[in-house]
Structures are given as structure tokens and as C-alpha cells.
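Colleague: Hi! I'm new to this one, could you walk me through it?
Modeller: Happy to, let's bring it up first.

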Amino acid sequence: MKLKLVAIFLFQFNLYAFSQSLDSLLNEALFKNPILKSSQLIVEAKKNKVIQNSALPSPVLSFEINQFNFDRANILGNSLSNTISLSQMIPLGGKINAMQRVSMSELLLSRNKLDEIQNDLLTKIKVKYFELWKLENEIMIQKENQEELRRLQNSLDLLYQINRTNQSDLILIQSEIAKGEVELINLERKRNSLIKEINFLIGRENLEQEIFTDKKIKLPAINFTIEQFDSLIFSLNPELKSMQSMIEMNKNEIKATEKELIPDLMISGMIMRMPKGMILTTKYPLPMDGSREEIMFGLMTSINLPFAPWSKKKFTYKIEELENTIKSIEYEKTNMINQMRKEVQNLLLTINSNKDLIQLYEQKVIPSYDNVFNAQLIEFETGRVSINSIIEINRMRLMEKMKYYMLVSEYLMSFAELEKITGQNLHKENLR
């Protein structure tokens, strides 16, 4: 008895441990999915790039020894000159600020891409979860149907013993039970495959970790007009926000490229030591002991000429390239908006039609088939109907129940796709 209680407790504990709602699975995916982690690190990398582009170019330090003899150990003392120079390039015309704006645009684009990937991932998990919910309910009603058929088989066994039915009826009901067992095996196989897909999307290492869906899923209601959906798409859709970020990034790159036509300033400072004196200018004979050491200082400034005709093309054609890229993205964005509007209308049509069909199935279709099946069971006992008629009506009843759960899952999947397009949670209230 104690072992039995322990077994029951362990079963309930495991069921509780594995049973997770859709929200808990989504939250787990936000922390575990490798693609999301990768995208988050890309965002952090772009933050570092913003700081990088705020810094000046690196200075250049050089050391030069001119005309020395390898035969003498004192290379520095026997060379004509030793030079140390330091140079620094200073971008002019606000080039650093322009590059910072480009980096900020890239950062915003990477954040929008992260939102886009996250939105797509969560939608995939929702859709797979609703498919799993449908499969589990199909398995449940298939098992219930098997129980009904086995009870009918027991009744036939009793009738066969008193010669009130034929052996062919028993064989027929047995074949129907066997057919149901095959269907159950196929449904279980699909369920196991779907569980692996959900675990993969979540980012779990154990792809076979069990998942149990909620027994009752409430159907969310929609209280938005087409105009309101248009507003949500424009303001919240992650894909459109990413495309807009790409447009802004290219515009900032155009501004940065225009500033590349402004010259840069190069400042250089130099200290030159001449151990043997100024050989080319000195009035005195060159001493062999290097006693006339001279020190010279120099300062040089220079600018580049990017606006020269032979170098200007590099920047002007790059600006033209970026402008064409912007126009291309704008057309692509317009096409995406139109496509999303079409998808929203189709999804709303599916949701509204399925809503009516679900209510019809709940109130009329399924109860009617249950009543017919129960009535025929009574008539079978009195010999008014054959076993073929009962099996046929049972198949039709099972098929309509399958259709019912398919309609519910289609409703939920369409709602999930609608949330993906709008980029926000639309679950405000419930139908029932």
C-alpha cells in the first residue's frame, strides 16, 4: 500500500514538473534559445562599435637611423642622423560625429533584428504548442473511442454466445479496434516528433523532455478594426522597424560619405639628432670623433585632397549607390506592408469563420452525433440496426470531433500569426 502511494505521488510530481503553460515555455525560450543569445551579443558588439567610432585615429610614432656602418658597434653615434617623429591625423568637418550616427543606426538595426528574431521564434513555439494541443486532444478522443469500441465488443461477445449476432460482426469490430490502435501509434509518433521540435526551439539540451499542454485553452477575442491593425503594423511590426532602421542607417552613411570630401589634417612633430653635425650645411670640417652633435626640431602639417577629380568618384558613386539602396528598401517596405495587410485580412477571415464553426460544433454538431450514436447503440440491442451502421456513425462522430479540434487549433494558430504581424500581445479577453 505504501509503495502504491509513493508511486502515485511520484507520478503526480513528475506530471507537475513537466507540465508547463505556453507562457512558461515562451519565457524559458527567451533565456535559453541560442539564436537569441547570439543576437543579444551582436547588440552588445554594436554598442562597443559606437564607442570605437568616437575615438580619434591612432597616432604614429616612428624612429629612424640614417646611414650607419655595421662595422662599428656604436650605431647611433656613427650614423648621420637619428630621428624620432610623432604624427596624428585629425578628421575635420564632423566626420567622427557622422560615423557615430552611423554606428548608432547599426545599433538600432541590430536591436530591431533581435526583436524580429524573438517575435518569429515565439510565434513558432506558439504554433507548435497549439499543434501539440490538437494532437493530444486527438489522442484523447481516439482513446475514448477505443473504449467505446471495446465496450461494444464485449456486448457483441455476449450476443454471440446466445446466437444473436454473427462472427463476422465480431471480426468487424475487432478490425475497427485494430485500426484505431494503428492511428494511436501514428498520433503518438507525431506527438513525440513535435515535442522534439518545441524543445529545440526553446533551446533545451534534452529534446525528449516531456511537455504537457493545458487541457483547456481559452479562445482569445479580437476587438480591433482593419484601420487599427494598420496602425499596429506601422508602429510595432519588428520587420518594418528593421527596414526603417536600414533606411535611416543608409541615410546616415550618405551624410558620412559626403563629409569624406572634406580634407583631413595631419600634424607631425620631429626631433632629429645628428651625431656628426649638419653635414650638408656646416662650415667646419666633419670631425671624426662626432663632437659636433646637432639637434633639430621639425613640425609639419598636411591635408589630403579627396575632392580631386581622380579621387572624388569614389565618394560620389558611393552616395549614388546608397541612394539606390534606400529606394530599393522603400519599395520592399511598401510591398511588405501590402502583404501584411492581405495576411491580416485572411487571418481575420479564418478567425471569424472558425469562431462561428466552433460554436456550431459545440452546440449542435458534436451533441447531435453523440445522440445518434447512443440511440443506435440502444437500437442495436433490440436488433433494429446492424453493427455496420454503428461503426459508420462512430467513424463520422470521430471525424467531426477531429474537425472540431482542428478548427480550434487553426483559430489559435491564426491568432498567433496575427500577433506576429502586429508585433504585440493581442490577448485581451476570452470568448468563453
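**A first walk through the fold**

Modeller: The protein chain has 10 helices and 4 strands; helices (H or I, at least four residues) and strands (E, at least two) are DSSP runs, numbered from the N terminus. This is a predicted model, in which local features need pLDDT of at least 70 and side-chain atom pairs count only at pLDDT 80 or more, while totals for chains, interfaces and linings use all residues. Residues are numbered from 1 along each chain as its sequence is written, and side-chain values use heavy atoms, with hydrogens and water left out.

Colleague: Thanks! What pattern does the protein chain follow along the sequence?
Modeller: Reading along, you get α-α-α-β-α-β-α-α-α-α-β-β-α-α.

Colleague: And how many of the 432 residues count as buried, in percent?
Modeller: The figure is 36%, where buried means under 20% relative accessible area, exposed over 50% and partly exposed in between (1.4 Å probe, protein chains only).

Colleague: Let's zoom in. Where is Ser-39, and is Ser-39 buried or exposed?
Modeller: Ser-39 sits in helix 3, residues 34-52. With a relative accessible area of 7%, Ser-39 is buried.

Colleague: Which residues is Ser-39 in contact with, leaving aside neighbours within four places in sequence?
Modeller: Those are Leu-114 and Ile-117; contact means heavy atoms within 4.5 Å.

Colleague: Switching to strands: in what sense do strand 2 and strand 3 pair?
Modeller: Strand 2 (residues 81-90) pairs with strand 3 (residues 265-274) in the antiparallel sense, over 9 bridges. Two strands pair if DSSP finds at least two bridges between them. Here Met-89 stands opposite Met-266 of strand 3.

Colleague: How many bridges join strand 3 and strand 4?
Modeller: There are 10, again antiparallel, with strand 4 covering residues 294-303. Leu-265 faces Ile-303 in strand 4 as its opposite residue.

Colleague: Now helices. At what angle do helix 9 and helix 10 pack?
Modeller: Helix 9 (residues 309-381) and helix 10 (residues 387-422) pack at about 160 degrees, with axes 8 Å apart. Axes are lines fitted to C-alpha atoms, for helices over the stretch in contact, and angles run from 0 to 180 degrees between N-to-C directions. That makes helix 9 roughly antiparallel to helix 10 (under 35 degrees counts as roughly parallel, over 145 as roughly antiparallel, 65 to 115 as roughly perpendicular and the rest as oblique).

Colleague: What about helix 5 and helix 8?
Modeller: The axes of helix 5 (residues 95-161) and helix 8 (residues 238-259) come within 8 Å and cross at roughly 165 degrees, so helix 5 and helix 8 are roughly antiparallel.
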